Amino acid sequence: MSDEKKKEFGTADNVRVTRDTPGTRAREDEVNAPGEGGEILPADATQERAVGVRRGMFGAAGTGDTSGFGGLVAPVIFPGATQRPYGGWFDEVADALAEGLAGSGLEQATDRVVVHRGEITFHVRREDLLPVVRLLRDDARLRFELCSSISGVHYPEDAGRELHVVYHLLSMTHNRRVRLEVAVPDSDPHLPTVVPVYPTADWHERETWDMFGVVFDGHPALTRILMPDDWPGHPQRKDYPLGGIPVEYKGGSVPPPDQRRSYT
Amino acid sequence: MSTDQHDFYAHGSETSQGRVFTVTGQDWDSISEGLGEGAEERIVVNMGPQHPSTHGVLRLILELEGETVTEARCGIGYLHTGIEKNMEYRSWVQGVTFCTRMDYLSPFFNEATYCLGVERLLDIEDQIPEKAQVMRVLLMELNRISSHLVAIATGGMEIGALTVMTVGFRERELVLDLFETITGLRMNHAFIRPGGVAQDLPAGALDDIRAFVALMKKRLPEYADFCNANPIFRGRLEGVGELDLAGCLALGITGPPLRATGYAWDLRKTQPYSGYEDYEFDVQTWDTPDAYGRFRVRLNEMWESLRIVEQCADRLAGLDGAPVMVGDKKVAWPSQLAIGSDGMGNSLDHIRHIMGESMEALIHHFKLVTEGFRVPPGQAFVPVESPRGELAAHVVSDGGTRPFRAHFRDPSFVNLQGTSVMSEGGMVSDVIVAIASIDPVMGGVDR
């Protein structure tokens with residue numbers, strides 16, 4: 001798929017704890033150079049993106065941790081924005097996308113591009129999602145005609161952008177794959193639906209609503225798909241416990257697994 | 001109120017949505033009587049989730065005018081097991097044990113796509129030993145044969161071709177025997193692990209594989225003789241569940257339904273993984289995008305899989321004693337299994353080493369098995385061509401010892417969205433044929 005493995009951002013070794021307070025988030029408005037798509041940004045710590053904090057070393061909390069590492073606090077840092085050139089066909093796609101978006105006045109639609117492990121991710125603003133996917137599908141140089149998968153990821157500590165929705169698109173014409181990522185705040189989990197562009201998104205978006213509580217505005221019938229219709233809560237969110245509810249059967253009650261034994 | 005004096009359960013009742021009957025079989029007369037004169041032709045039928053011909057717990061909601069389906073919807077979720085959520089509470093290696101249970105007819109593909117994603121995040125894709133790669137391909141292709149056999153067998157059973165079912169399961173049993181020889185289990189193997197595979201090939205396995213290939217070459221033509229030109233079989237399948245290329249792409253449908261439209265899209269050729277570029281095989285297509293075309297694609301793909309299995313066996317014969325797990329001791333599973341006098345268990349050599357010889361080895365073993373290895377933060381998506389289409393795991397790591405999120409793009413889940421467009425306007429009896437032709441496995445649909 002790509003000859004571009006690992007020339008890009010990094011491995012766990014360059015997780016640098018450069019900030020004075022752990023967990024300070026590198027907001028993308030710092031990263032965002034206005035306008036010029038091809039400008040090289042200085043490679044400083046703001047390029048990284050912290051999405052949470054890791055405490056301790058062994059997952060145990062409280063008195064269970066006798067390791068002495070319980071006080072360790074380290075930010076969870078994801079691969080940050082990549083600078084041009086991205087390498088291989090990534091630049092062709094990025095150019096075609098930038099040109100197409102400039103034509104409709106949406107230069108700011110993709111606010112960050114991450115190339116990591118030979119895969120390219122475009123972070124898209126939610127209000128521009130629909131024109132971006134339409135362009136990706138219809139432009140002859142892009143032609144991502146198949147939407148392979150849509151799912152969510154919940155980053156509870158990524159303040160203001162807790163819920164990420166991830167789109168995997170495939171171009172059979174050019175034999176390429178890209179990933180789109182849209183982040184929405186937990187307090188306002190609304191996103192435009194892409195069903196008009198990709199009819200296959202129907203069930204994917206229903207599942208993402210079911211599991212994460214992301215509301216896809218304009219979806220033809222946004223109902224639960226895996227859980228029962230009257231289920232409370234959205235199970236794949238990080239604040240939803242494993243197991244969750246007691247099992248009641250013939251008058252007896254079995255507590256949920258998370259209350260039987262600690263897994264954290 | 002009841003119109004049926006013979007069957008206590010199959011009575012009619014009035015609801016706000018109209019009159020409701022519970023159908024339990026052989027009671028059509030009582031229902032047609034119960035509807036009375038001047039009843040409208042339109043009825044809504046709930047088929048499933050406990051219907052033998054819906055491939056597990058699939059619920060179909062059909063709106064009928066006489067015997068014509070005017071609207072078809074799927075209800076899924078009856079087999080939702082929360083595997084993706086569970087994986088977030090176990091180590092990366094233990095994740096394999098969960099995801100192998102998703103699409104239970106193609107367990108090796110679930111394991112493979114997950115492990116390929118983890119390996120990409122670990123950046124050890126280039127370090128997977130050749131023998132592990134070949135064994136993965138071998139198991140996946142054997143699995144493709146067994147999965148297609150079930151697809152053909154159950155599909156045949158649903159239209160009354162019971163002999164196709166019995167011979168299909170007869171041959172599948174042989175494949176499961178091979179799995180048992182190689183992995184120790186018939187299903188739910190958890191054999192493909194991040195970094196390689198769990199164990200080396202046992203002695204004699206290659207002979208068994210070669211004998212199986214020789215036998216299958218005799219038996220596969222039986223399916224063609226049974227079905228290919230059988231007028232009843234063709235009459236039930238031809239022109240049923242049609243979906244052209246544009247429809248497939250719009251609905252995200254991949255695998256045999258896509259290839260039956262004549263488009264040779266197969267990830268093994270177009271985006272090779274696990275060294276598929278080194279094998280000789282052809283992508284099978286067909287020129288009628290209907291249930292019959294999908295059947296023929298599956299039948300032909302089994303021949304191609306046999307070709308690949310033969311090539312794997314030849315390569316494995318030259319790889320005797322080669323490693324099957326990545327050399328990085330910080331990733332590779334430390335323990336080894338061995339056959340003892342009381343069956344398979346932990347290798348006594350390994351136990352002796354960690355318990356008697358090296359404290360460091362014991363610590364290493366303990367840490368890796370209980371805590372697991374850490375995976376650098378990031379996300380990966382490595383699709384594979386499962387028997388049902390594009391299967392992929394979206395694997396997200398936050399740098400910890402457990403998956404931060406693992407989402408499976410299961411082809412059964414996506415392909416089932418084609419139910420409406422394949423069934424509406426056709427006969428009730430063709431709904432089953434159309435669904436059988438996309439071969440959904442509910443364990444994968446609901447995960």
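Helices here are DSSP runs of H or I with at least four residues, strands are runs of E with at least two, and both are numbered from the N terminus. I started with that, then looked up where Ala190(B) sits: in the loop between α6 (162–183) and β6 (192–193) of chain B.

Ground rules before I go on. Residues count from 1 along each chain as its sequence is written, while chains are lettered from A and ligands numbered from 1 in the order in which they are written. The model is predicted, so local features need pLDDT of at least 70 and side-chain atom pairs count only at pLDDT 80 or more, whereas totals for chains, interfaces and linings use all residues.

Is Ala190(B) buried or exposed? It counts as buried because it has 21 C-beta neighbours inside 10 Å. (Buried takes 20 or more other C-beta atoms within 10 Å of the residue's own, exposed takes 12 or fewer, and partly exposed is in between, with C-beta atoms placed from the backbone.)

I noted Asp439(B) as well, a residue other than glycine with a positive phi, near 55 degrees. Asp439(B) lies in the loop between α17 (428–438) and α18 (442–446) of chain B. With 26 C-beta neighbours inside 10 Å, Asp439(B) is also counted as buried.

In chain A I looked for a cis peptide bond and found one joining Arg84(A) and Pro85(A), with omega about -10 degrees. Pro85(A) belongs to the loop between β2 and α2 (90–103) of chain A.

**Chain A and its sheet**

I get five helices and 11 strands for chain A. Chain A has 264 residues, and 38% of them count as buried. Contacts need C-beta atoms, placed from the backbone, within 7 Å. Of the contacts in chain A between residues at least 6 apart in sequence, 56% join residues at least 24 apart.

I traced an open sheet of five strands with mixed pairing, in the order β3-β4-β7-β6-β5 of chain A. (Strands pair if DSSP finds at least two bridges between them.) Its edge strands are β3 (110–116) and β5 of chain A, each pairing on one side only. The twist averages 20 degrees from one strand to the next.

β3(A) runs antiparallel to its partner β4(A), residues 119–124, over six bridges. There, Val114(A) stands opposite Thr121(A). I also saw α2(A) lying across β3, β4 and β7 (176–184) of chain A, at about 170 degrees to β3(A). (Axes are lines fitted to C-alpha atoms, for helices over the stretch in contact, and angles run from 0 to 180 degrees between N-to-C directions.)

**Where A meets B**

How many residues does the contact take from each chain? It takes 37 from chain A and 40 from chain B. On the chain A side, β1 (49–55), β2 (73–78), β5 (146–154), β6 (163–171) and α4 (201–212) each give two or more residues. β5(A) gives the most, six residues. I sorted the chain A side into 20 nonpolar, 10 polar and seven charged residues. (Nonpolar means Ala, Val, Leu, Ile, Met, Phe, Trp, Tyr, Cys and Pro, charged means Asp, Glu, Lys and Arg, and the others, Gly among them, are polar.)

**Domains of chain B**

The domain assignment gives chain B domain 1 (12–75) and domain 2 (83–331 + 373–446), with bounds from an automatic or database assignment. I have their centres, over C-alpha atoms, 35 Å apart. In chain B, 17 residues of domain 1 are in contact with 17 of domain 2. β5(B) supplies the largest share of the domain 1 side, seven residues.

Technical notes
Contact = placed C-beta atoms within 7 Å.
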